[in-house]
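User: I want to go through the labels used for this model and see what stands behind each one. Please set every value against its cut-off.

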Amino acid sequence: MSRAEPVAAPRSALRARRRAVGSERWFVLGAAGLALVVALPILSLGWIAVSGSGGDWAHLLRTVLPDATRTTALLMLGVALTTGLLGTLLAWIVTGFDFPGRRVFAWALVLPLAVPTYIAAYCFNELLHYVGPVQTGLRALMGYRTRAEYSFPEIRSLGGAILILSSVLYPYVYLATRAVFLMQGRRMAEVARTLGAGPLRLFATILLPLARPAIAVGVSLALMEVVNDIGAVEFLGVQTLTFAVYSTWLNRGDLQGATQIALLMLTVIVALVWLERFARRRQGFTAGRGGMAPPPLVRLRGPAALGAFTLCFLPLASGFGVPLFILSRYALSRLGDVADPALWRALWHTVLVAGASACLVVGASFLVTYGLRLRRSRSLAALARLGSLGYAVPGTVLAIGLLVPLAAFDNALDAWMRAWFGVSTGLLLSGSGLAIVLACTARFTAMGHGTLESGFAKLSPHLDMAARTLGRGPGSVLATILLPLMRPAVLTGFLLVFVDAAKELSATILLRPFDFDTLATHVYAQASRAAFEDGAIAALLIVLVGITPVLLLTRALLKNEQDLRR
């Protein structure tokens with residue numbers, strides 16, 4: 001019997017190992033299934049487009065696509081140049097120079113991210129309209145009586161759209177570029193200055209080339225928002241491809257034609273993402289331990305300090321000050337609207353949709369990232385990347401991709417229930433707010449996946465190995481060890497998805513059932529009937545909700561700068 005005892009332990013360990021492998025397999029299969037479900041709208045889009053007739057495509061190619069494609073290309077080019085230049089310049093000024101107000105601008109320049117593009121468009125129009133405060137003040141100051149007596153730029157134009165979108169999207173470039181400037185070593189700056197390089201030459205020859213990957217990332221994120229936008233471009237009269245999808249589907253009743261345009265947009269977006277990653281595939285820069293401190297601040301005085309202050313103040317005033325001023329002005333004059341039941345219903349629907357979307361995104365992303373942590377499978381990684389592509393897909397495209405499979409499921413279920421029980425279930429998915437939740441889940445999964453992936457990357461795999469040697473399975477390791485350590489990443493991912501889902505408009509417009517308004521669609525409806533001021537309180541609520549993650553982001557940014565400068 002003494003010789004049998006050493007054999008019993010290995011057998012029990014082997015059985016535990018088999019149970020762990022089986023549990024691990026279920027985690028991996030579940031992660032693959034969730035990634036496939038998230039990727040369903042994209043796969044459905046391709047199927048719908050292929051099933052369309054060639055005649056629809058020929059008609060669109062002759063009448064819709066040339067102008068829409070040209071307008072979209074010009075809009076993207078204008079926003080790319082403006083946000084790239086403005087975001088990089090602001091990051092350099094705040095990081096490299098000391099002037100009055102620098103510490104405030106360092107975090108305040110991120111605030112325009114809290115303003116959705118469509119709200120910015122409405123507010124700029126109210127400010128610069130003929131009866132708005134700017135033109136009214138100009139006529140009073142100059143003594144003009146009619147519009148024909150003076151010239152004023154038209155905000156509802158392609159140029160106006162570039163200005164408005166850039167004013168709220170430049171923080172993408174600012175954040176990415178400023179992080180790089182902070183991490184560029186003090187030694188680089190000191191060596192360059194000993195060779196006679198001034199601040200401008202240092203920026204042009206050293207800092208700017210090092211920051212090109214970050215600039216490319218920031219510009220790509222801004223362009224994804226441009227392609228996704230529907231509220232601002234429609235209000236400003238700019239006929240982009242996104243608007244063409246919306247108009248072809250709803251105004252012309254041509255779903256297949258809209259799908260074909262959406263597939264073209266998806267192809268362009270995927271190509272842009274691939275080109276951006278390909279362009280920076282070999283660009284990597286490191287700094288030694290002593291070189292991580294940012295370059296010392298250069299003190300500005302006199303006109304130089306005034307110029308730096310003005311350059312930082314104008315984008316902040318444009319991207320955040322103007323919307324806050326207009327919304328506060330209208331909200332104060334319509335405090336009675338707070339008691340409007342429609343506003344509270346829209347708020348409840350917004351919280352419901354955003355909360356459900358955030359829970360689904362965090363849960364799905366957690367399972368997928370943990371599945372990848374358990375097993376480095378190429379197929380699972382490919383499915384995860386396909387599911388994460390949703391952030392690069394415009395909301396209108398996702399809405400079309402979801403419509404057909406949801407409608408097919410509803411029709412099949414209704415037919416089955418009628419045949420067996422004589423009961424009609426109606427449109428359970430496509431006729432409810434759940435369709436919006438699924439669209440937001442597919443669109444923002446990349447955000448949750450990236451946040452949780454970063455959180456898991458900070459946890460050593462030795463934690464899992466040590467727990468496994470003590471007989472813990474994957475589920476037990478996840479519940480008792482990893483999940484408590486991942487709580488900050490989970491909360492961050494939940495908050496980011498919640499806020500973006502609360503602001504989502506393009507997919508919500510197309511998928512919402514009758515009498516189902518969110519705050520975004522409530523504002524859109526009021527602006528569509530030329531009564532934006534009636535939706536000011538709802539718009540202000542959206543902006544206030546958006547400020548929360550922005551403040552958390554700026555707090556982390558300032559803490560990181562303080563740590564690097566020590």
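User: What makes α6 and α7 roughly parallel to each other?

Analyst: The angle does. In this predicted model, helix α6 (residues 117-128) and helix α7 (residues 133-142) pack at about 15°, with their axes 4 Å apart. Axes are lines fitted to C-alpha atoms, for helices over the stretch in contact, and angles run from 0 to 180 degrees between N-to-C directions. Under 35 degrees counts as roughly parallel, over 145 as roughly antiparallel, 65 to 115 as roughly perpendicular and the rest as oblique. Therefore α6 and α7 are roughly parallel. Helices here (H or I, at least four residues) are DSSP runs, numbered from the N terminus.

User: Which residues of α6 and α7 meet?

Analyst: E126, L127 and L128 of α6 meet P133, V134 and Q135 of α7. Contact means heavy atoms within 4.5 Å. By class, the residues divide into four nonpolar, one polar and one charged. Ala, Val, Leu, Ile, Met, Phe, Trp, Tyr, Cys and Pro count as nonpolar, Asp, Glu, Lys and Arg as charged, and the others, Gly among them, as polar.

User: What ground rules apply to the values?

Analyst: Residues are numbered from 1 along each chain as its sequence is written. The model is predicted, so local features need pLDDT of at least 70, side-chain atom pairs count only at pLDDT 80 or more, and totals for chains, interfaces and linings use all residues, while side-chain values use heavy atoms, with hydrogens and water left out.

User: What is the handedness of the crossing of α15 and α21?

Analyst: α15 passes α21 in a right-handed crossing. A crossing is left-handed if the near helix is turned anticlockwise from the far one by less than a right angle, and right-handed if clockwise.

User: Which residues form the contact of α15 with α21?

Analyst: On the α15 side, they include T350, V351, A354 and F366. On the α21 side, V490, G493, F494 and V497 are among them. The contact has 13 nonpolar, four polar and no charged residues.

User: How do you know that K503 and D500 form a salt bridge?

Analyst: Their closest N and O atoms are 3.9 Å apart. A salt bridge is a side-chain nitrogen of Lys or Arg within 4 Å of a carboxyl oxygen of Asp or Glu. The pair therefore qualifies. K503 and D500 are three residues apart in helix α21 (residues 487-503), which means about one helical turn between them.

User: Are K503 and D500 buried or exposed?

Analyst: Buried means under 20% relative accessible area, exposed over 50%, partly exposed in between (1.4 Å probe, protein chains only). K503 has 16% relative accessibility, so K503 counts as buried. D500, at 18%, counts as buried too.

User: How many salt bridges are there in the whole structure?

Analyst: A search finds ten. One of them joins D98 and R102, with the closest N and O atoms 3.9 Å apart. D98 has a relative accessible area of 26%, so D98 is partly exposed. R102, at 8%, counts as buried.

User: What makes D534 and R334 a link between distant parts of the chain?

Analyst: Their side chains meet in a salt bridge, 3.1 Å from N to O. The two are 200 residues apart: D534 is in the loop between α23 (519-528) and α24 (536-565), R334 in the loop between α14 (303-333) and α15 (341-374). D534 is partly exposed because its relative accessibility is 30%. R334, at 24%, also counts as partly exposed.

User: Why is T441 called buried?

Analyst: T441 has 7% relative accessibility, so T441 counts as buried. T441 is found in helix α18 (residues 434-457). T441 touches S357, L360 and V361, leaving aside residues up to four places away in sequence.
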